[in-house]
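Please read them with the structure open.

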Amino acid sequence: MAEDEQEYDFSSIERRWQEFWEREKTFRAEDGSDKTKYYALDMFPYPSGAGLHIGHPEGYVASDILARYRKACGFNVLHPMGWDAFGLPAEQYAIKTGTHPSETTQANVDNFRRQIKSIGFAIDWDREINTTDPGYYKWTQWIFLKLFQRGLAYVDEKPVWWCPELKAVLANEEVVNGKSEVGSHPVERRNLRQVVLRITAYAEKLLAGLDDLDWPDSTKRQQKAWIGRSEGAEVQFGIEGSDEKLEVYTTRPDTLFGATYMVVAPEHPLLDKLVIDEKKEEAKAYVEAAAKKSDLDRTDLAKDKSGVFTGSYCINPANGDKTPIWVADYVLISYGTGAIMAVPAHDERDFEFAEKFDIPINRVISRADGDEEKSKLPYSGPGVMVNSGEYDGMDADACKAKIISDLEAKNAGKGAVNYKLRDWIFSRQRYWGEPIPLVWVSLEDFEKATHTDGIIKDLLPERAVTTQKDGKTLYALPLPASELPLKLPEVENYQPSGTGESPLATIPEWLEVWFDLSTGKTVSRAEDRPDGGNWVSATRETNTMPQWAGSCWYHLRYLDPSNPDHLVAPEKEAYWGGPDFYIGGAEHAVLHLLYARFWHRFLHDEGVLAHPEPYGKLFHQGLILGEDGNKMSKSVGNVVSPDIVIEAYGADSLRLFEMFLGPLEAVKPWSEKGIEGVHRFLRKVNRECLRKDKHLSGEETDKETLRLLHETILKVTEAIEDLRFNVAISQMMILANHMQKVENYSVESAKALLQLLAPFAPHLAEELWEKLGGSPSIANHPWPKAREELLVADEITIVFQVNGKLRGQAQFPKDVDKETVITAAKGDEKVQSFLEGKEIVKEIYVPGKLVNLAVKG
RNA sequence: GCCCGAGUGGCGGAAUUGGUAGACGCAGCGGACUUAAAAUCCGUUGACCGCAAGGUCGUGGGGGUUCAAGUCCCCCCUCGGGCACCA
């Protein structure tokens, strides 16, 4: 055979087959096919300027293996890719250079696409999507308008991070240790006008829906904790000398008799009335100081409680006790009622506060067993009621319901459920995002809108959405779907406005419009007011949507990527449903995955979608660390680029090695030496498949080869199903090593190995498949089936143990009986040496596996 | 502080219903081929004792259940992740 025929020329092989797949549209997903569908989805990337790093493809390779495997198993497979391309970096680059973010984005997308294509994924590129494409964000806006129409969007002043140096509002993730991530400038809390989505209305559904999802437990737990449901009671405390009531939320109504003081949050609406004159100054100073503290400070100083007595008292509805009311910033206005009854005996935080300010601590729960050590205050375990009047002696937990119903009878409280989940601040004061399709009008024009026939009237929420601007109240009107997409205007420069508003606020000809209350059409006020009676003067909303918006529903757009009339055609959604497999980083455990579930459930409730949940099965790939064991980062200089790896070893080696590194979910370091190992394996496969002198035609005749082949088919198949790709690769290595050792094997055996290998190393598999006479593409040939009857050996090895320690072994016919084996074990020379002078007390036989003789003496 | 997850050779990792610990790969050592190298192949490689046959120990540490424990139970240590005044 010729030397050069054995060369593994991965570069030309990979180029050739990538062209073939593209030309033949091998991986086109068929709409409305008779076959069962299989939808494998990757969390789509943000196309950064830095390009792909070695961590990106890990998940993509995993989903690609599943996609190719399922295709071979006869499924109609959808494996798409797209770009989550709105975001801050392109905008910051624009501020620096004046380059339009769309240009930067386009260049980055092109680079990402080139890199991803070079890895040879089974992607249907005809379905590529881009969140910055007006044809895409038209539907992002459309969904927003639905939410608006249903009263799930509102506008409110919310505290956000403001960086005076950058003159910009920053997202939480852009603030690190109280400084801006870019440039390390100080940041502060500022109340700014925000568009907010009422995700809290979906708290219960989002919580309940988790049960049916095949997701990592830790991710479900994180979402549960984030939603933070708790059950308790709202209790009204009378205020001494006032008709007002102070309402508190507690999960421990059973400790009502132990409330020795009350606390309201510094922002509590009743605070002003509660503070007596002598305390005014002190309280004012305290509230102001608390307002200046960021959330971070409040948390950091958590251990050091602070507060001021207001001078007022509540009356405890249970026992009529006079209870002092304090203001303290350890109570948050955003949770519950913004006020608590403090029970220092049974709450750690209240205990600490009470000790510091010398407030009485009254025990009302005792351990039933009287164990003093375990019931030290503050005690929050189970127990019986004490010092609680008529309730004394009752089980505390059982008492909760009783106290709630007694309070209800007295009209002093009721059972209540609370969530930690907060509404979703949905606006960003930025240019490079989806414009929010609302305009603002005066009260007069708004009222006119509610009476004007046309499409706008029906799109209004039940309760008007308002905001304050320059001392006037403005009313929100939606653009109708017919006016979407509302495109981003061109701007001169991308500098922030400096007022905390988006750069869009600096473009009067876009901002100020004539709005038709009947049709929803807009015309710039730079032009004359059009004829007709329904045109009013309006101002556009200048906020844009957060990056999460586009990724909330992209899994749907892949099903019908260029439909101009529907977000997704109902019959396509009905056929494809959600992804059968969704893979991406665990860092998205809460936000992206919760927001997407919210939108998806909402669209389901609206009748737009057939399925309630977007992602039935979810998986998180583990991080790939640098060779030094540190997280890959530019500053450490341990970043590995796939381009370099592909040039040196080929895409197949890259794919194979990313999967061979270890369990998919594990965090694991990269290794240059390691990739050489899998590269050697591919060379070996290449060499063996080209060794015509070793090839036999017809079925495999060598028993051992046949057995190992089918064992490999079985193990690789199971390993793929279980996402244990590293184990699958090991098994293929074992088979390749065997084929190299034996003198001959059937071409059919080699071809079966190639089929198993194809999902992992598709280029080489295609090349060798063709060279062995297979017709391309190997991806279209049915997955091999393991003949399990071949796996049962005629002879089995049974090991002999004495007291659990291995002392010998022997071969037996596969249907050997217990007596024979035990007799043989006892007769074994070595076993005997360990039995000598001892008494056998027990004989264990595990059929087909082992004998264990327990001895003593 | 609270809630999870993980600790197995020099390294990445196998052993997924309690049943031969260390598959596969890397690195190392010895050898074959070669003028030489590369490539490839063969052998060897947990620790300790022993010339050997063989033995003893061994899955973060300590205890326990069992004929049998990496796997189950209790306590502890280390690392990783999440939450963090949510009443």
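Notes on the model

1. In chain A, the domain assignment, which is automatic or from a database, gives domain 1 (143-181 + 430-540), domain 2 (230-418), domain 3 (657-787) and domain 4 (793-856). The C-alpha centres of domain 1 and domain 4 are 82 Å apart.

2. This is a predicted model, in which local features need pLDDT of at least 70, side-chain atom pairs count only at pLDDT 80 or more, and totals for chains, interfaces and linings use all residues. Residues are numbered from 1 along each chain as its sequence is written, chains are lettered from A and ligands numbered from 1 in the order in which they are written, and side-chain values use heavy atoms, with hydrogens and water left out.

3. RNA strand B is surrounded by 52 residues (a heavy atom within 4 Å). The closest are Arg221, Thr251, Arg349, Lys420 and Arg724. Of the atoms of RNA strand B that come within 4 Å of the protein, 69% belong to sugar and phosphate.

4. Which part of RNA strand B lies 2.9 Å from a polar side-chain atom of glutamine 740? That part is a phosphate oxygen. For asparagine 737, a side-chain N or O atom is 3.0 Å from a phosphate oxygen of RNA strand B. Lysine 420 has a polar side-chain atom 3.4 Å from a sugar or linking oxygen of RNA strand B.

Technical notes: A polar contact is a pair of N or O atoms within 3.5 Å; within protein, one must be able to donate a hydrogen and the other to accept it, and residues adjacent in sequence count only if both atoms are side-chain atoms.
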